[in-house]
Amino acid sequence: MKAERSLADQHRQAVLDVLHDGGRLTRNQISQRVGVTRSTVSEVLSGLRDEGAVVIADSVRMPGRGRPAEVLSLDPSAARYMGIDFAHNRVLVLVTNASGHVIATDCRAYLPDQGWGARCAIAITLAEDFARSDLLHYRFLQGIAIGLPGPNSALWDSSVVAAPLEPYQQVGARVCELFGKRFGVGVWVDHHIRFAALGEATHPNASAEGNLLYLRLSLGVGGAIVTGGLPVRGEHQLGGEAGHVIVDRSDRARDCRCGRRGCLETLASVGGVLQSCRELGLGVYTIDAAAEAVRDNHTAALEVVNDVARVVGQVLGTAAVILDPAEIVLTGEVARLSVDFTARVAKALAGEVLPSVTIPVRLAHLGDEAGALGAVASLTTAFHPAQRTKEFAMSSLSPELHGR
Ligand SMILES: [Zn+2]
């Protein structure tokens, strides 16, 4: 992924990095630390100053020189990208500056029956509160990426109960329009699990060079594929939906919410695990109780963990033969059901992939912020938003949002 960045992009990042590490530096000092000519540094700085990412902090008189040298520094409060992660029950808003550092983040819960209009209003309030409290300003905001959960999780206006469920794409388009108008920048909307996967792929500790399979085993089972640093959306926006691979074709196959029977989700989701436990005579009603039974070496609980890990390994193994990922990342309550869950999945996986190949299986590095961080990563790596129209942006922002 890094190799594909242009030389100009690499110079730009190198200058931002030394300014972040070094604080306040002259052009000569930046040139020495980055190891490029002073004219290259001046060119990069000129662009960064136009963007508002770098400001002149001071000037110093150098010995033997007539003119004082300008001292430059990052404007750490200049918001550059905003990542928003909507889940079924909460929204998390995160803002980064030009050097890629998170400068503000906040999260707020909402009721599952609140419509998208109300959910968006909550997210906008969180983002505006950052600016009101002087944490940052949005004068040079470049783009917003927003992760949405699966299809039809809510109506736009929750009070209209008689209306048919809002189609997913229509919700996405309205969310896009709303935030675009409010902040005057390009907005990118995608599935929140795809963004979470991208967050993992771009995490500093990730071993993957932008190639991974991601699976969240939670209330539902959702997956994503990142290949060549880009999340795969697919023709029907369903790329990576491993939760709906059919794994049980027997008469006992369970009904799935997708309308079919025997999908991975019916076995490997929280509900699926609890149902399997109860079918084996273990009366557990929460995933924590199931995990406790696993720790107590309860036979039924161990059997369920073993079955779930095996079937997850088989599905991921089939996908891995086709996609050849560098690693597989698991997350969600079910993936943490036992300490050896990833090892069990890896064992089942090994039975599926070609003999010469070993694909590591690990738990996700990132927690709750994965989706929002991945959303920001989509703006910096894969998606280049259209240049903002300054006049429009300035006239549409409230005075507080203009910042200092
Ligand atoms: Zn299904």
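Strand E1 and strand E3 (residues 69-74) pair in the antiparallel sense over two bridges. This is a predicted model: local features need pLDDT of at least 70, side-chain atom pairs count only at pLDDT 80 or more, and totals for chains, interfaces and linings use all residues. Residues are numbered from 1 along each chain as its sequence is written, and side-chain values use heavy atoms, without hydrogens and water.

**Sheet**
- Three strands form an open, antiparallel sheet in the order E1-E3-E2. Strands (E, at least two residues) and helices (H or I, at least four) are DSSP runs, numbered from the N terminus. Pairing requires at least two DSSP bridges between two strands.
- E1 (25-26) and E2 (54-60) are the edge strands, each with a single partner, so one side of each has no neighbour in the sheet.
- Thr 26 stands opposite Val 71 in E3.
- Helix H3 (residues 38-51) lies across E2 and E3, at about 120 degrees to E2. Axes are lines fitted to C-alpha atoms, for helices over the stretch in contact; angles run from 0 to 180 degrees between N-to-C directions.

**Helix pair H9 and H10**
- The axes of H9 (residues 287-295) and H10 (residues 299-323) come within 8 Å and cross at roughly 105 degrees. The two helices are therefore roughly perpendicular (65 to 115 degrees).
- Ala 290, Ala 293 and Val 294 in H9 meet Ala 301, Leu 302 and Val 305 in H10 (contact: heavy atoms within 4.5 Å).

**Cysteines**
- The disulfide count is zero (cysteine sulfur atoms within 2.5 Å).
- Cys 256 is buried at 8% relative accessible area, and Cys 263 is buried at 0% (buried: under 20%, exposed: over 50%, partly exposed in between; 1.4 Å probe, protein chains only).

Terms used: Angles under 35 degrees count as roughly parallel, over 145 as roughly antiparallel, 65 to 115 as roughly perpendicular and the rest as oblique.
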